[in-house]
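Thank you for sending this structure for comment.

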Amino acid sequence: MIELPEAFSIAADLRKTILNKKIIHVGGHFTDHKFTFYMGDPNQYNQLLTNKMVTNIVERYFYVEIQIEDYTLWFRDGANLRYCQNQPLPKKSKLLLVFDDGSYLNMTTSMYAAIGSFKTAAGCDHPYYQTELHTIGPLHPDFTYAHFKNLLNEQTLKLSAKAFLATDQRILGVGNGSVQDILFHARLHPKRKMITVNENELKCLYESLITTLKAMIAAHGRDTEKDIFNRSGGYRTLLSKNTYKSPCPVCHHPLCKEQYLGGSIYYCPHCQK
Ligand SMILES: [Zn+2]
């Protein structure tokens, strides 16, 4: 799933590979709408985007935009991108961009994904897209401790730490995956109610949020996700599907895995109160 570290690493890779390349064909199997949600008619993509240049790549927090002259293509969630050179065209594709040098960018879906295209000047009124544009993300200079603390109100104080951080696009770019290590470093249990979190713990949580996200970006994404060259990210997750069978890296107590709020949570019952 694309969260902040992956949005940044995918965008960095796309800048190196497809920027200033001309699209000569747009394809894909658009009929399976069960797990891939298209915005705008995907059957029109070829007509709208072919013979145009990739003019810019923009990383957001939960998604990536490819600007193709007067159009913007965006994708998020479980969109898996792979860039290939000198290889036959793929059989499975939710979106395929073929470039004039013979290379291509192919998108498939794991779990679910959304892909959209819109005329840049007209903008995109999708609520998810609009929320991202108008919310101060965790890497923005205005995302201070005071700003973070202000996100707590009568409603959000009732939430668990995981729900507070990783639902409703409250903290842009933080989802089911990156929230695990953020909470581990803050020594907070994912189900801990925010109303019980004291000032020191809240400061710790803020510090952990910023430093963990920066570490994930610096390492080119998490090791649970793949980049566009099919390589795992360099950030070694402490709590994830890769590690939960190992003991806690701090106290060596066995880690726990549970289903909670639409995804797995991993935690150390000893370190995370
Ligand atoms: Zn522990």
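This is a predicted model: local features need pLDDT of at least 70, side-chain atom pairs count only at pLDDT 80 or more; totals for chains, interfaces and linings use all residues.

1. The protein chain is divided into domain 1, residues 4–133, and domain 2, residues 145–267. The C-alpha centres of these two domains are 28 Å apart.

2. The boundary between the domains. How many residues of domain 1 are in contact with domain 2? The contact involves 17 residues of domain 1 and 18 residues of domain 2. The size of an interface is often given as the accessible area lost when the parts come together. For domain 1 and domain 2 that buried area is about 1700 Å², with 67% of it on carbon and sulfur atoms. Between the two domains the count is 1 salt bridge.

3. The largest nonpolar core. In soluble globular proteins, nonpolar side chains tend to be buried together. Here the largest nonpolar core contains 31 residues, and L14, I18, I66, L73, F75, L81 and L105 are those with the most contacts inside it. Two or more residues are supplied by each of several elements, including helices α1 (4–17) and α2 (42–49) and strands β1 (23–27), β5 (71–84) and β7 (104–119). Strand β5 provides the largest share, 6 residues.

4. L105 as an example. A student may wish to select L105 and look at its surroundings. Leaving aside residues up to four places away in sequence, L105 touches L14, I18, I66, L81, R82, Y83, L95, L96, L97 and F99.

5. A second core. A separate core of 29 residues is also present, and it includes L165, A166, I210 and M216.

6. Strands β8 and β9. Strand β8 (residues 256–259) and strand β9 run antiparallel and are joined by 4 bridges. The hairpin has 4 residues between the strands, and L261 takes a positive phi near 55 degrees.

7. The two faces of β9. Are the faces of strand β9 buried or exposed? In a regular strand the side chains alternate between the two faces of the sheet. In β9 (residues 264–267), S264 and Y266 lie on one side and I265 and Y267 on the other; all four are buried, and both faces are therefore covered.

8. Salt bridges: E59 with R15. Side chains of opposite charge can pair when their charged atoms come close. The structure holds 13 salt bridges. In one of them E59 pairs with R15, and the closest N and O atoms are 2.7 Å apart. Because E59 lies in strand β3 and R15 in helix α1, this pair ties together parts that are 44 residues apart in sequence. E59 is partly exposed, at 24% relative accessible area, and R15 is also partly exposed, at 33%.

9. Salt bridges between loops. The side chains of D101 and K21 meet at 3.0 Å, N to O. D101 is in the loop between β6 and β7 and K21 in the loop between α1 and β1, so the pair ties together parts 80 residues apart in sequence. D101 counts as partly exposed at 42% relative accessibility, whereas K21 counts as buried at 17%. A further salt bridge joins D70 to K52, with the closest N and O atoms 2.9 Å apart. This pair links the loop between β4 and β5, which holds D70, to the loop between α2 and β3, which holds K52, 18 residues apart.

10. A salt-bridge network. R222 forms a salt bridge with E6, the closest N and O atoms being 2.7 Å apart. Both residues belong to a network of salt bridges that links E3, E6, R222 and E225.

11. An exposed loop residue. A121 is placed in the loop between β7 and α3 (127–133). At 80% relative accessibility, A121 counts as exposed. A121 and I23 are 98 residues apart in sequence, and their C-alpha atoms are 20 Å apart in space.

How values were computed:
Residues are numbered from 1 along each chain as its sequence is written. Side-chain values use heavy atoms; hydrogens and water are left out. A nonpolar core is a set of buried Ala, Val, Leu, Ile, Met, Phe, Trp, Tyr and Cys residues joined through side-chain atoms within 4.5 Å. Buried means under 20% relative accessible area, exposed over 50%, partly exposed in between (1.4 Å probe, protein chains only). Contact means heavy atoms within 4.5 Å. Two strands pair if DSSP finds at least two bridges between them. Domain bounds come from an automatic or database domain assignment. Buried area is the accessible area (1.4 Å probe) that two parts lose on being put together, summed over both. A salt bridge is a side-chain nitrogen of Lys or Arg within 4 Å of a carboxyl oxygen of Asp or Glu.
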